[in-house]
Amino acid sequence: MALVPLDIGAHIFQELHQPRKTFHIGQSSIDILQSYSTSGVAGCVWRSSVVLSKYFADNPSLVHDKTVIELGSGTGLLGIFCYKLGAKIISTDHKDYLSSSESNFLLNGIDPQVHCKALNWGSSIELFLSENNLPKPEVIIGADIVYVQDTFDLLKKTLLDFSVTNRSCKIYLACQIRYDKDEKFIEDSKEHFFVEEITHSFDSNIRIICLTINKPK
């Protein structure tokens, strides 16, 4: 959501500046336009989105034929891949950064007017669902959205508000834990969610966690 500098290696920096990349994940090939110079981190593909896509490729039933809402969609890679797995995907981001997802959905032959929606974390989820005529989500997904501490409270509120609309909703987050504050976000989430760490072999630097809202006391 925010354009902030990250400490990244030279080889990753070069990848972020490739204007167009093709990703081969599972049985799908996805073309992605990147725009680091104009959109910053929101205009690039980060490893977490690739890792979570690979996890869903191995477990397609988690998203197939389900209403899936993506938070902080960035380039839209993860949402596009879920669409190809048969998900009823809605990819969301702040209105100022949504154009990257819209361009890539269109590039891959998917109508962005249907599948890309602006959403500010912390805003009314009930209003968002009703204004866009959307059903309650069955799955929430997000890749590398845990990194700006100033947004953590808003992100937690948004995850909780979505979960309250459907208490069986599952949340899948993939993230690289770069700082203690990132780890603390996960620990603090246990106040409201059952947090499950998912084992995978795609990238040892990327963690996948599944959150489900705690039962009311």
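Rings of Phe, Tyr and Trp (the six-membered ring for Trp) are taken as a pair if their centres lie within 6.5 Å, and the planes are called stacked when under 30 degrees apart, edge-to-face when over 60 and tilted for the rest. The structure is a predicted model, in which local features need pLDDT of at least 70 and side-chain atom pairs count only at pLDDT 80 or more, while totals for chains, interfaces and linings use all residues. Residues are numbered from 1 along each chain as its sequence is written, and side-chain values use heavy atoms, with hydrogens and water left out.

By this ring rule, the count comes to five aromatic pairs. Phe-128 and Phe-162 make an edge-to-face pair, with 6.3 Å from centre to centre and 85 degrees between the planes. This pair links distant parts of the chain, since Phe-128 sits in helix α7 (residues 125–131) and Phe-162 in helix α8, 34 residues apart. Helices (H or I, at least four residues) and strands (E, at least two) are DSSP runs, numbered from the N terminus. Phe-128 is buried, at a relative accessible area of 5%, and Phe-162 is buried as well, at 0%; buried means under 20% relative accessible area, exposed over 50% and partly exposed in between, with a 1.4 Å probe and protein chains only. The rings of Phe-152 and Phe-185 have centres 5.0 Å apart and planes at 55 degrees, so this pair is tilted. Phe-152 belongs to helix α8 and Phe-185 to helix α9, so the pair ties together parts 33 residues apart in sequence. Both Phe-152 and Phe-185 are buried. Tyr-55, Phe-56 and Tyr-172 form one aromatic cluster.

Contact here means heavy atoms within 4.5 Å; axes are lines fitted to C-alpha atoms, for helices over the stretch in contact, with angles from 0 to 180 degrees between N-to-C directions.

Helix α9 (residues 180–189) has Asp-182, Phe-185, Ile-186 and Ser-189 as its buried residues. They cover an arc of only 90 degrees around the axis, which puts them on the same side of α9; the arc is that of the directions from the helix axis to the C-beta atoms. Their cover includes α8 (152–165), β7 (170–175), β8 (193–198) and β9 (207–213).

Strand β1 (residues 20–25) pairs with β2 in the antiparallel sense over six bridges, and Phe-23 stands opposite Ile-30 in β2.

Technical notes: Pairing = 2+ DSSP bridges.
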